[in-house]
Amino acid sequence: MKSKSTLDEILNEPVDVSALIDKLDFSEENIIAANREQATLFLEASRYRVKKMRGRIQAESRLDAEKAKASLFFRVKKAAKSGITEGYIKDKVMMDKGVQEARMKYDKSQVHEEWAKLFLEAYRQRGHAIKTLAELLGAEANAQARLARKELEVAGFENLKEQVRKKYPGRRGE
């Protein structure tokens, strides 16, 4: 018997984003398959979203750590030199190479996280589209069935009239 995975194990598995993008679109003929796989695909897109959120949190932590490290370095210098202000230290921290690299990674992680949010929303919209299309197809099938029943009723009525005419020849609605 397979043991259940922990949430962290599930979230750490890779996500095939290209396959998810390919499966966003579906045809009217494949609506049943699209509906059947929607929950799994939505869950996979959710995993991707969480992975990107984790990446942003980690990048933010690295940025904070780099700022703290640079700040400590410049504060040690301040103790050795007089005349260095807090504003100077803040500016030096922002210009520190490690802080700038961490800032770029953090900014990029925010962009990726936002894209992942919108990607997940696209899967929500896919679910709504499946539901709407299924309702439309059901209504169309129902309308066609009503039309077919009406045609059968009319044909049956015409058949009955013809049988009556044959039974009583010469009497045509006089």
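The model is predicted, so local features need pLDDT of at least 70 and side-chain atom pairs count only at pLDDT 80 or more, while totals for chains, interfaces and linings use all residues. Residues are numbered from 1 along each chain as its sequence is written, and side-chain values use heavy atoms, with hydrogens and water left out.

Start with helix H3. Helices here are DSSP runs of H or I with at least four residues, numbered from the N terminus. H3 covers residues 31-80. It has 50 residues and reaches 72 Å from its first C-alpha to its last, close to the 74 Å expected at 1.5 Å a residue. That expected span is 1.5 Å times one less than the number of residues. H3 also bends, by about 45 degrees, at glutamine 38. The bend is the angle between axes fitted to the seven residues ending at a residue and the seven starting there.

Now look at arginine 56, which sits in H3. Is arginine 56 buried or exposed? Arginine 56 is buried, because its relative accessible area is 17%. Buried means under 20% relative accessible area, exposed means over 50%, and partly exposed lies in between (1.4 Å probe, protein chains only). Which residues does arginine 56 contact, leaving aside neighbours within four places in sequence? They are Tyr106, Ser109, Gln110 and Glu113. Contact means heavy atoms within 4.5 Å.

Take glutamate 113 next. Arginine 56 and glutamate 113 are 57 residues apart in sequence, yet their C-alpha atoms are 6.9 Å apart in space. Glutamate 113 belongs to helix H5, which spans residues 97-167. Glutamate 113 is buried, because its relative accessible area is 8%. Not counting residues up to four places away in sequence, glutamate 113 touches Arg49, Lys52, Met53 and Arg56.

Some of the links are salt bridges. In a salt bridge, a side-chain nitrogen of Lys or Arg lies within 4 Å of a carboxyl oxygen of Asp or Glu. By this rule there are twelve salt bridges. One of them joins the side chains of glutamate 113 and arginine 49, at 3.1 Å from N to O. Glutamate 113 lies in H5 and arginine 49 in H3, so the pair ties together parts that are 64 residues apart in sequence. Both residues are buried. Salt bridges that share partners join Arg49, Arg56, Glu60 and Glu113 into one network.

Another salt bridge pairs glutamate 37 with arginine 126, with the closest N and O atoms 3.4 Å apart. Glutamate 37 is in H3 and arginine 126 is in H5, 89 residues apart, so this pair links distant parts of the chain. Glutamate 37 is partly exposed, at 27% relative accessibility. Arginine 126 is buried, at 3%.

H3 also has a link to helix H1. The side chains of arginine 54 and aspartate 8 meet in a salt bridge, 2.6 Å from N to O. Arginine 54 is in H3 and aspartate 8 is in H1 (residues 7-12), 46 residues apart. Arginine 54 counts as partly exposed at 27% relative accessibility, and aspartate 8 counts as partly exposed at 44%.

Finish on the surface. Phe157, Leu160, Val164 and Tyr168 form a nonpolar patch there, with about 410 Å² of accessible area together. Patches take residues with over 30% relative accessible area and no salt bridge, joining like charges within 9 Å and nonpolar side chains (Val, Leu, Ile, Met, Phe, Trp, Tyr) within 5 Å. Accessible areas come from the Shrake-Rupley method with a 1.4 Å probe, and for residues only the protein chains shown count as cover. Valine 164 is in H5 and is partly exposed, with a relative accessible area of 43%.

Definitions and conventions
Helices (H or I, at least four residues) and strands (E, at least two) are DSSP runs, numbered from the N terminus.
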